[in-house]
Amino acid sequence: MGFLDQHWDRQQLLTFTAWCNSHLRKLGIHIESVAQDFRSGVNLVKLLEVISGGEIARLETGKMRIHKVNNVKKALDYVASKGVNLIGIGAEEIVDGNLKMTLGMIWTIILRFAIQDISVEEMSAKEGLLLWCQKKTAPYKNVNVTNFHTSFKDGLAFCALIHRHRPDLIDYNHLRKDNAVYNLQYAFEVAEKELDIPIMLDANDIASTMRPDERAIMTYVSSYYHAFASSQQASQAANRICKVLNVNQENETLMEEYESLASGL
């Protein structure tokens with residue numbers, strides 16, 4: 001189990017750092033690792049502000065340990081105010097660079113702000129996200145999503161999710177189940193280039209791990225959900241606008257016909 005734990009920590013570190021950067025880039029900030037770059041509390045507070053749209057208490061600018069602890073504590077208090085249970089995660093451990101504690105903290109943030117509000121047919125959070133994956137990939141051969149670890153290991157589920165929403169981006173029929181690294185890298189690169197979803201997983205690592213980390217996979221899949229949900233909402237809004245414009249155009253045509261008839265009387 002210790003060997004798998006090391007794999008999972010590595011996968012989480014890569015994924016969580018990439019996920020945080022996908023939000024921090026809106027502020028022009030890039031971090032190298034969540035394990036080190038949240039220790040002062042400054043970037044952590046900025047991350048929470050950008051993903052929540054809220055404003056957290058003023059940061060302490062001093063460089064002493066007490067200032068860092070206070071900044072991290074403000075961030076943790078804000079997360080707790082959103083109904084998140086942070087028992088066992090302390091500001092001191094984050095400042096000291098405790099990897100397990102830091103990964104646990106970031107996971108609670110991801111759960112609260114990226115996964116908790118997902119709702120699909122009365123299923124919510126993790127169950128809702130899993131159901132969404134199952135419904136979207138149901139028509140695809142060699143894809144059977146029952147979990148957020150081994151079901152995604154060969155890369156076909158990622159490719160199917162992209163193809164279902166953007167069939168122009170993926171040539172699904174030419175993919176092979178036994179070519180996992182290629183499938184994974186293919187999906188990751190297409191998602192990054194065409195959907196603006198940063199690469200959050202390592203293809204070789206996922207393919208070679210007996211059971212990939214569930215939290216890392218969930219985090220990355222949730223980015224697909226939000227990207228496609230936003231696209232669908234934009235499409236629906238555009239359709240509504242088109243309908244309104246068509247109705248207005250029809251009304252104008254009727255008015256012109258009426259005026260033409262009235263002028264001939």
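## T137 and its surroundings

Two residues are in contact when they have heavy atoms within 4.5 Å. By that rule, and skipping neighbours within four places in sequence, T137 touches V143, V145, A157, A160, L161 and R164. Keep in mind that this is a predicted model.

T137 belongs to helix α7, which covers residues 125–137.

## Where α7 meets α8

The axes of α7 and α8 cross at roughly 70° and come within 9 Å. That angle makes α7 roughly perpendicular to α8, and the crossing is left-handed.

On the α7 side, the contact uses W132, C133, K135, K136 and T137, while α8 brings A157, A160, L161, R164 and H165. Sorted by class, you get 5 nonpolar, 2 polar and 3 charged residues.

## Where α8 meets α9

Helix α8 (residues 156–165) also packs against helix α9 (residues 180–195), with the axes 8 Å apart and an angle of about 35°. The crossing of α8 and α9 is left-handed.

Which residues of α8 meet α9? They are L156, F158, C159 and I162, and across from them in α9 sit N183, L184, Y186, A187, F188, V190, A191 and L195.

Conventions
Residues numbered from 1 in each chain as written. Predicted model: local features only at pLDDT ≥ 70, side-chain atom pairs only at ≥ 80, totals over all residues. Heavy atoms only, no water. Axes fitted to C-alpha atoms, helices over the stretch in contact; angles between N-to-C directions. Helix = DSSP H or I, 4+ residues; strand = E, 2+ residues; numbered from the N terminus. Left-handed = near helix turned anticlockwise from the far one by under 90°. Parallel < 35°, antiparallel > 145°, perpendicular 65-115°, else oblique. Nonpolar A, V, L, I, M, F, W, Y, C, P; charged D, E, K, R; others polar.
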